[in-house]
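Here are my notes on the model, as numbered points. Please read them with the structure open.

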Amino acid sequence: MKKLLLGLTILIGLSLQADFSLTSKIYVAGHNGLVGRAIMKELESQGYCNIITRSSRELDLRNQQSVNDFFAQEKPKFVFLAAAKVGGIKANWDFQADAIYDNLMIQCNILHASYVHKVEKLLFLGSSCIYPRDCPQPIKEEYLLSGPLEETNKSYAVAKISGLQMCQAYNYQYGTNFISCMPTNLYGPHDNFNLQTSHVLPALLAKFVKAKQENLPIVPVWGTGAAYREFLYVDDLAQACLFLMKNYNKSETVNVGTGVDLTIADLAQTIKDTVGYAGEIIWDITKSDGTPKKQLDVSVMAQMGWQAKTTLAQGLEKTLAWFHANGGLRLIQGRNG
Ligand code: NDP
């Protein structure tokens, strides 16, 4: 009986093995974003040569008809779904209607069109911030939906959780191969440095550069500094995404991170030192810390043979160099292009 079950498992695994070859037609949704650009770079560096993209101006992924027409015409075989409405604490709170509407629409349209037009394999990106606010640490994949969500990003989280569930439901009912992963906080070149909408790391980097250039004596930083966060350099995530596309065929989502976290106070100090700012940090405790801690358990990826390569110090140096070479403080005004 055991042998029969093992045989069946291998057969199912083999039947899901998609032919992800260098000439496969690959659609990277969200190729202009932080993650999408890193995935494009990794695909190109590994020799993939049949990649299709559309900007949001060319194809609004919230529009079902446009998405269906695009899939009918292009018939991609592999999809990296890195298009989403993404923001830091403030943006997720201020624009919570956009966070839930845009993300639900983008996911529903792409996932359903991928099923209808027989995409062989799709990777959906969740996020570590959609785990319950107070779940045990480090966070295992199975803790999803085990408790109340963080209030400041509930709309975003509900949308993203729906995307994960949708992948599983389509795999169950239609036999698709829609996989997903849960990246921790990301950073790197092409991040969003706009202080109104950015995540904590790019916001701090931009603030310290500005303070240094303008000789400001203090830099106010949101919260108490006590919350813990984990950060992954985006090129490492892109490598993980390709690794999963090649090697992973299960419905269960999988965490992608370094497994190491630090306090926001330590992060701020590290960025301050990297930038070379000599002034003081002042904590604005009227602002929320968000979730107190969210460190991922990355043992599933480790068991499969993948781990992050870039240290925080290396990643910050690369990001700062990119920031200076690509507009510097002008990037604070808007989303970089
Ligand atoms: P970005 O904001 O950098 O990029 C998102 C991309 O989505 C943009 O390039 C944009 O295209 C595209 N997009 C947004 N709305 C639409 C639309 N209506 N139609 C077509 N395209 C659209 O996000 P990230 O790269 O940071 O995030 C990508 C994924 O990674 C998301 O699913 C996110 O949840 C996940 N993730 C991100 C983390 C992070 O720290 N950044 C952490 C964990 C997960 P255009 O530029 O053409 O307008």
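**Notes on the predicted model**

1. Helix H2 gives the most to the shell around the ligand, with three residues. The model is a predicted one, and the points below should be read as comments on a prediction.

2. The ligand is surrounded by 25 residues, and the closest are Gly30, Asn32, Gly33, Val35 and Ser56. Two or more residues of this shell come from each of helix H2 (34-45), helix H5 (96-116) and strand S6. By residue type, the shell around the ligand holds eleven nonpolar, ten polar and four charged residues.

3. Next, the backbone. Most residues other than glycine have a negative phi, and most peptide bonds are trans. Three places in the model deserve a look on that account.

4. The peptide bond between Gln137 and Pro138 is cis, with omega at about -10 degrees. Pro138 sits in the loop that runs between strand S4 (121-125) and helix H6 (154-174).

5. His190 is not a glycine, yet its phi is positive, near 70 degrees. This residue belongs to the loop between strand S6 (185-187) and helix H7 (200-213). Is His190 buried or exposed? His190 counts as buried, because 21 C-beta neighbours lie inside 10 Å and the cut-off for buried is 20 or more.

6. Asn215 also has a positive phi, near 55 degrees, in a residue other than glycine. Its place is the loop between H7 and strand S7 (218-222). Asn215 has 9 C-beta neighbours inside 10 Å and therefore counts as exposed; the limit for exposed is 12 or fewer.

7. The last topic is a helix pair. Two packed helices are described by the angle between their axes and the distance between the axes. For helix H9 (residues 264-275) and helix H11 (residues 312-325), the packing angle is about 50 degrees and the axes are 10 Å apart. The crossing of H9 past H11 is right-handed.

8. Which residues form the contact of H9 with H11? From H9 come Thr270, Ile271, Thr274 and Val275, and they meet Leu312, Leu316, Glu317 and Leu320 of H11. In this contact, five residues are nonpolar, two are polar and one is charged.

Notes:
Residues numbered from 1 in each chain as written. Predicted model: local features only at pLDDT ≥ 70, side-chain atom pairs only at ≥ 80, totals over all residues. Axes fitted to C-alpha atoms, helices over the stretch in contact; angles between N-to-C directions. Helix = DSSP H or I, 4+ residues; strand = E, 2+ residues; numbered from the N terminus. Left-handed = near helix turned anticlockwise from the far one by under 90°. Contact = placed C-beta atoms within 7 Å. Nonpolar A, V, L, I, M, F, W, Y, C, P; charged D, E, K, R; others polar. Near = placed C-beta within 6 Å.
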